[in-house]
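Please read the following account with the sequence and the structure in view. It passes from the pockets to a helix and then to individual residues.

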Amino acid sequence: MPADFDPGPHADDARAGLLYQGCDVEELHALVSAHFSPHRLRVLDHDRRADGQFRRIWAGPVSVYDLGYGTAVEIDPGELARFYNVHIPLAGHGTVTVDGTELPTTLSIAGPGQRLAMAWNGDSLNRVVLITRQALDDALAVRLGDTPSGITRFDPVLDAGSGTVAAWLSTVQSFTRSAQSGLLDRSPLARGHFEQLLVHGLLDAQPHRISPWSGPDRAAPAGAVGRALAYCSDHAHEPISVADMALAARVSVRSLRAGFRSRLGTTPLAHLRNVRLEAAHRDLLAMARGEATASTVTEVALRWGFTHLGRFAETYRKTYGRTPSAVLRENRPPRERIH
């Protein structure tokens, strides 16, 4: 599988879609190399007519691809560079070798500095989740209070029988469905939160050499909470997370949460949600007056990261005493109201 995927040259392409389907293994190999990085490939079954496919589901700090060569192959990407590669088998069978050791399952993860090799039969189809080292290091910086030194190494075998690993795999499936539906394109906030969930979820689900920060829950001082509030106010329209707020406040996530509880009686996530709800309220009022570019409640909700419209309407009603549609109706200029 790819050693050093770089979405940069293809940033203008459609996010999701079929990149290749056909019987020319060399053409597929060249396309995979162009989208990822050069790697060695050897066809093992020259008698079988290949039926390969290469599909991009999402490309970003967390990327998802489906790849099958449609014939038996050996692949040698060599030493991985800047990405963590998770292989999730969808069909067929094969072998995965990490640092010279063949794993008991192809459900696996390898990262920067590790050597990866694979062999797949003709029926194999694999989902590949790629997480940039930068995204993982940023997540660990929040947990450790500083950028991790060295390279984070995961245990290479993912145990599907583990409840946490199974939950993470289910999250990958939800991410895939959201990407294919177009939701991630429509809601950058939802996309950002989803990516954070996958990165932090992997850190919590799979053992790795760098342990999360485990000190006491010391409450962040007033200045740090103030910095988090200011960051939240300035960046609520972006796909920020509590981890981003903690980095801006220069404290750990645990410390920030304790500070919000002791000083504000709430949590960072609840505060962020309220800031976004207030922004959605302002947009709805502007829309009612004909002063906004948005034209529907759904558009406003997605703009501010509310992907479950029923929950958005209920939370809005509890906060403002009216449903979003009622607020639109009641705040239109008198001549536009329907009686």
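In this predicted model, helix α5 makes the greatest contribution to the lining of the largest pocket, supplying six residues. Other helices take part as well: α2 (133-144), α5 (188-205), α7 (242-249), α8 (253-264) and α9 (268-288) each provide at least two lining residues. The volume of this largest pocket is about 690 Å³. Its lining comprises 23 residues, and those closest to the centre of the pocket are Gln196, Leu197, His200, Ser241 and Arg257. In terms of residue class, the lining of the largest pocket consists of 12 nonpolar, eight polar and three charged residues.

Rolling a probe the size of a water molecule over the atoms shows where empty space is left. The second largest pocket has a computed volume of about 320 Å³. Thirteen residues, written as 13 in the count, form its lining, and Arg273, Trp304, Gly305, Phe306 and Thr307 lie nearest its centre. Here α9 supplies the largest share of the lining, with four residues, and both α9 and α11 contribute at least two residues each. The lining of the second largest pocket divides into five nonpolar, five polar and three charged residues.

Helix α11, a contributor to the second largest pocket, deserves a description of its own. It runs over residues 309-320 and contains 12 residues. From its first C-alpha to its last, α11 reaches 16 Å, close to the 16 Å expected at 1.5 Å a residue. Just after this helix comes Gly321, which takes a positive phi of about 75°.

Asn126 is located in strand β11, which covers residues 125-132. Is this residue buried or exposed? Asn126 counts as buried because its relative accessibility is 2%, which is under the 20% limit for that class. Leaving aside residues up to four places away in sequence, Asn126 touches Tyr65, Asp66, Leu67, Ile88, Pro89, Leu90 and Trp120.

Arg82 belongs to the loop that lies between β5 (73-79) and β6 (83-91). With a relative accessibility of 42%, Arg82 counts as partly exposed, since that class lies between the limits of 20% and 50%. Arg82 and Leu130 are 48 residues apart along the chain, and their C-alpha atoms are separated by 9.8 Å.

Technical notes:
Residues are numbered from 1 along each chain as its sequence is written. This is a predicted model: local features need pLDDT of at least 70, side-chain atom pairs count only at pLDDT 80 or more; totals for chains, interfaces and linings use all residues. Side-chain values use heavy atoms; hydrogens and water are left out. Buried means under 20% relative accessible area, exposed over 50%, partly exposed in between (1.4 Å probe, protein chains only). The expected span of a helix is 1.5 Å times one less than its number of residues. Contact means heavy atoms within 4.5 Å. On a 1 Å grid over the protein atoms alone, a cavity is a set of points where a 1.4 Å probe fits but cannot get out, and a pocket is an open set with protein on both sides within 12 Å along at least five of seven lines; lining residues have an atom within 4 Å of a point. Grid points are joined across faces, edges and corners, and a volume is the space filled by probe spheres set on the points. Ala, Val, Leu, Ile, Met, Phe, Trp, Tyr, Cys and Pro count as nonpolar, Asp, Glu, Lys and Arg as charged, and the others, Gly among them, as polar.
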